[in-house]
Amino acid sequence: MTRVGLEPDLESFRSVARALIARGEAPGQVLFEEARGRQGSLLAAEPLPDAGTGPALAVPKAFLSLAELVACHREPGRWALLYRVLWRLTHGERQLLEVESDADVYRLRSLEKAVRRDSHKMKAFVRFRRVEREGQEHFIAWHRPDHLIVRHVAPFFVERFATMRWSILTPDACVHWDLERLTYGEGVPRSEAPEGDALEALWSTYYASTFNPARLNVKAMRAEMPKKHWATLPEARLIPALVRQAPERTASMVTPELEVSEASHFLPERRDLPALASAAKSCQACPLHERATQAVFGEGPLGAPVMFVGEQPGDQEDREGRPFIGPAGQLFNEVLARVGIRREDTYVTNAVKHFGWTGDEKRRLHATPNRREVLACKAWLEAEVAAVKPRMIVCLGATAAQTFLGPGFRINRSRGQVFETPWTPWWMATFHPSALLRMPDEQAREEARAHFEADLRRVAERLRSL
Amino acid sequence: MDVRQKLQILADAAKYDASCASSGGKRKTLPGGLGSVEGTGICHSYTPDGRCVSLLKILLTNFCIYDCQYCVNRISSDTPRARFTPEEVVRLTLDFYKRNYIEGLFLSSGVLKSADYTMEQLIEVARTLREEHQFQGYIHLKAVPGASRELIDAAGKYADRLSANIELPTDGDLRRLAPEKSFATTGETMREIHARVEQSKAERQESPQAPRFAPAGQSTQMIVGATPTPDAIILDTASNLYTRYGLKRVYYSAYSPIPSSDVRLPAKSPPLVREHRLYQADWLMRFYGFSVGELAPPEQPDLPLDMDPKLAWALRRRDAFPVDVNRAPREMLLRVPGLGVRTVDRLLRIRRWHQVTLADLGRLRVSLTRVKPFIVTADHRPTVLLDSPRLAERVRPPPTQLSLFSSAVAARTGEL
């Protein structure tokens with residue numbers, strides 16, 4: 001058995017291996033001992049007389065780059081493994097590296113892979129902290145790599161941070177860049193590194209905000225960011241709390257805060273249509289009841305297949321207590337007749353049950369209900385939907401549509417489209433008939449009327465197919 | 001409002017965007033400059049959703065004149081709003097970069113005033129970084145669909161990657177949920193980027209000094225699960241984008257519920273398994289020679305959730321198996337469930353020197369239970385397994401909730 005001593009780096013291995021091959025030392029006969037491991041040992045390794053003077057060996061290029069990485073691995077058996085593969089490469093198996101399922105090659109590749117991964121993690125997880133030294137800024141990081149990769153990775157940091165003075169401290173070695181040269185030193189404990197950096201608060205803010213709690217996947221995170229590196233990552237302190245809060249945060253994304261309709265306090269116990277209509281008369285959920293003559297409730301048979309929802313009663317509706325009987329109601333009736341829908345077969349109501357107006361008693365001017373009034377009244381509308389159980393809802397105008405689908409709904413963009421909603425599988429919005437009466441531009445008015453009629457025609461077709 | 005508050009709002013607003021890779025470019029540091037770009041991107045951190053942080057991904061502003069229903073920043077949303085100045089973004093990028101938190105910047109924005117005005121603001125950030133600070137880190141800019149040609153040109157001069165978002169898988173989906181957007185407008189912007197990328201490549205072949213244009217190419221993002229569109233159509237759209245505009249990546253982002261969203265959108269946790277299957281299918285189309293019709297045939301237009309799309313294909317096409325590992329061409333080996341591109345390339349090298357056996361496959365870390373029914377090796381020939389009606393059960397991974405279950409447990413206990 002030949003015992004050989006070598007420094008734990010590739011250069012030392014190369015010269016030793018060259019000499020061994022020249023002497024024809026078969027791999028099974030050689031024992032490699034690293035310089036540090038040998039210290040204190042009573043057994044001195046044999047000196048190699050011709051070390052470094054053996055003939056240059058022709059080996060595949062791929063072996064050299066592989067050996068360079070494997071040399072960084074902490075595995076003490078790597079030198080013997082490298083030598084065995086080198087021997088086989090130079091003794092009739094030149095193509096050996098191509099056979100990746102060979103046990104030796106597979107082992108070498110595994111070591112290489114571990115070093116690559118560790119180097120990648122060093123590039124990723126080094127966190128510099130800025131300190132001032134003699135008026136100059138200096139960036140210092142502490143990192144704990146698995147393998148002896150500091151020299152291997154240092155050039156990456158030189159390339160990337162050439163204009164900064166920096167140091168990376170590790171337990172095995174330290175590396176410093178002074179804008180011109182790289183210097184190396186002995187390893188140091190973590191306590192040598194500075195604590196904290198003013199920017200870490202900002203970075204933590206970013207880290208917490210960029211996480212989407214609806215996609216929580218702790219396993220994937222841990223696979224890529226092993227816990228042993230967390231100690232040096234300032235953002236890692238946030239992780240436990242972020243994970244804990246995720247379900248709650250997701251729940252608030254999925255079910256937005258429910259708005260409570262004021263009218264729900266006035267709803268009767270029995271929720272059939274006559275009971276609802278009678279209870280609505282005394283509703284005081286919003287200030288509109290103060291100036292309105294009466295609440296105007298919906299009309300139509302129980303189980304009507306389609307429910308039309310307008311905005312709010314007008315002047316005439318307010319006096320007579322029935323929905324859609326004014327000029328807009330007449331236009332509505334006309335178009336319904338033209339497309340072949342009998343109004344008696346439908347349920348007609350408004351999003352807001354009380355007339356809202358400005359001006360004086362002689363000239364009561366319609367005022368579009370505000371969001372608060374619409375919301376206050378919403379409980380009545382929902383109770384009507386629940387009692388009538390229509391299969392289709394057709395909203396006339398933006399106010400009605402927004403009551404169902406939120407303030408983002410735009411009539412101009414989504415008019416005539418059919419949506420599936422929690423209330424009915426077939427939901428559509430179209431113009432309000434009074435909008436058709438008010439449009440000043442004649443051409444626009446004609447177009448809008450045509451659209452309105454076409455939309456109701458679709459409703460009629462759908463009704464026939466039910 | 002201070003920078004920290006803005007950062008909170010504008011990073012939060014960007015968290016729904018899936019694309020964040022920093023790969024594909026290459027930049028050497030400049031004398032007196034900061035930063036570099038390596039061919040393979042580096043993920044500097046990971047958030048508890050398992051996604052990496054490689055770039056400072058923020059919006060310049062989340063004010064937006066559009067009303068896309070799936071987007072938390074739509075004009076009708078009551079989300080808190082903020083706006084960075086270009087200088088603030090530059091400062092943050094440089095400060096984060098110097099501490100090695102990030103690889104660079106991924107800057108997007110709500111649409112302010114107009115597509116052109118917004119694009120100008122994004123470009124100003126990139127220009128300042130590149131020209132005034134000699135910053136050589138990675139920059140990914142959103143190309144605002146509909147921005148003018150001159151602005152796209154300028155953006156590509158500074159950015160490593162440009163991306164115009166297709167947003168939804170069909171034009172009909174867009175009409176329904178994003179009325180201001182259309183395939184036509186976004187396509188025009190993508191076409192413009194593609195043309196300039198190609199032109200710059202040609203010029204650089206003539207002279208290596210010719211300026212580069214978005215050297216890491218262009219990508220796009222598509223939201224999945226906000227509309228009922230099936231996987232076959234999603235993959236068709238992706239496939240068209242790859243061929244038509246030479247895209248590097250199509251990102252699929254499972255629709256995440258957004259606060260106070262419209263009832264037209266699903267209010268449930270994102271379909272992450274479906275998103276994962278789409279990425280697998282996308283990969284199979286780009287690197288394995290599969291077509292959309294093979295992965296999502298008309299009679300089954302959605303990818304199965306309980307097995308990967310390649311295995312599902314193999315079970316439908318049992319007549320194509322077994323495949324002889326020692327003789328079959330590369331294209332056929334790539335179709336064997338359980339064999340990836342790297343393994344196939346290794347096998348092709350190994351079989352030049354000796355007959356491949358099951359032991360070889362084992363040492364290459366191939367799952368033997370998975371591949372055995374589909375292959376022939378020097379020492380193995382599948383018996384009746386291929387005809388067995390229980391084949392699917394044998395090769396399918398056990399039905400787990402993927403990582404969702406373990407996350408739920410971790411979430412409950414706070415244990416990591």
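**Before starting.** I reminded myself that this is a predicted model.

**Entry 1: the contact.** I first looked up who takes part. Chain A brings 76 residues to the contact and chain B brings 83 residues. Together the two chains bury about 7100 Å², and 58% of that is on carbon and sulfur atoms. On the chain A side, I noted that A:R160, A:Y206 and A:R215 lose the most area to chain B, together 12% of what that side buries.

**Entry 2: polar pairs, and where chain A's side comes from.** I looked up the polar contacts next and found 29 residue pairs between chain A and chain B, both residues at pLDDT 80 or more. Which elements of chain A supply the side that touches chain B? Several give at least two residues each, among them α5 (103-125), β4 (136-142), α6 (150-160) and α7 (200-209). The largest share, 10 residues, comes from α9(A). Sorting the residues of this side by type, I got 41 nonpolar, 13 polar and 22 charged.

**Entry 3: salt bridges.** My search of the whole structure gave 67 salt bridges over all chains. Across the interface of chain A and chain B, the rule finds 11. I picked one to look at: A:E100 pairs with B:R346, with the closest N and O atoms 2.9 Å apart. This pair crosses between chains, with A:E100 in the loop between α4 (78-90) and α5 of chain A, and B:R346 in helix α12 (residues 341-350) of chain B. A friendly reminder to myself: side chains of opposite charge can pair when their charged atoms come close.

**Entry 4: helix α5(A).** From that loop I moved on to the helix. What caps the N-terminal end of α5(A)? The cap is A:D102, which has a side-chain oxygen 2.9 Å from the backbone nitrogen of A:D104. I then checked the length of the helix.

**Entry 5: chain B by domain.** Last, I looked up the domain assignment of chain B, which gives domain 1 (3-270) and domain 2 (309-413). How far apart do the C-alpha centres of these two domains of chain B lie? I noted 37 Å for domain 1 and domain 2 of chain B.

Notes
Residues numbered from 1 in each chain as written. Chains lettered and ligands numbered in written order. Predicted model: local features only at pLDDT ≥ 70, side-chain atom pairs only at ≥ 80, totals over all residues. Heavy atoms only, no water. Contact = heavy atoms within 4.5 Å. Buried area = accessible area lost by both parts, 1.4 Å probe. Salt bridge = Lys/Arg side-chain N within 4 Å of Asp/Glu carboxyl O. Polar contact = N/O pair within 3.5 Å; in protein donor to acceptor, adjacent residues only side chain to side chain. Helix = DSSP H or I, 4+ residues; strand = E, 2+ residues; numbered from the N terminus. Nonpolar A, V, L, I, M, F, W, Y, C, P; charged D, E, K, R; others polar. Domains from an automatic or database assignment.
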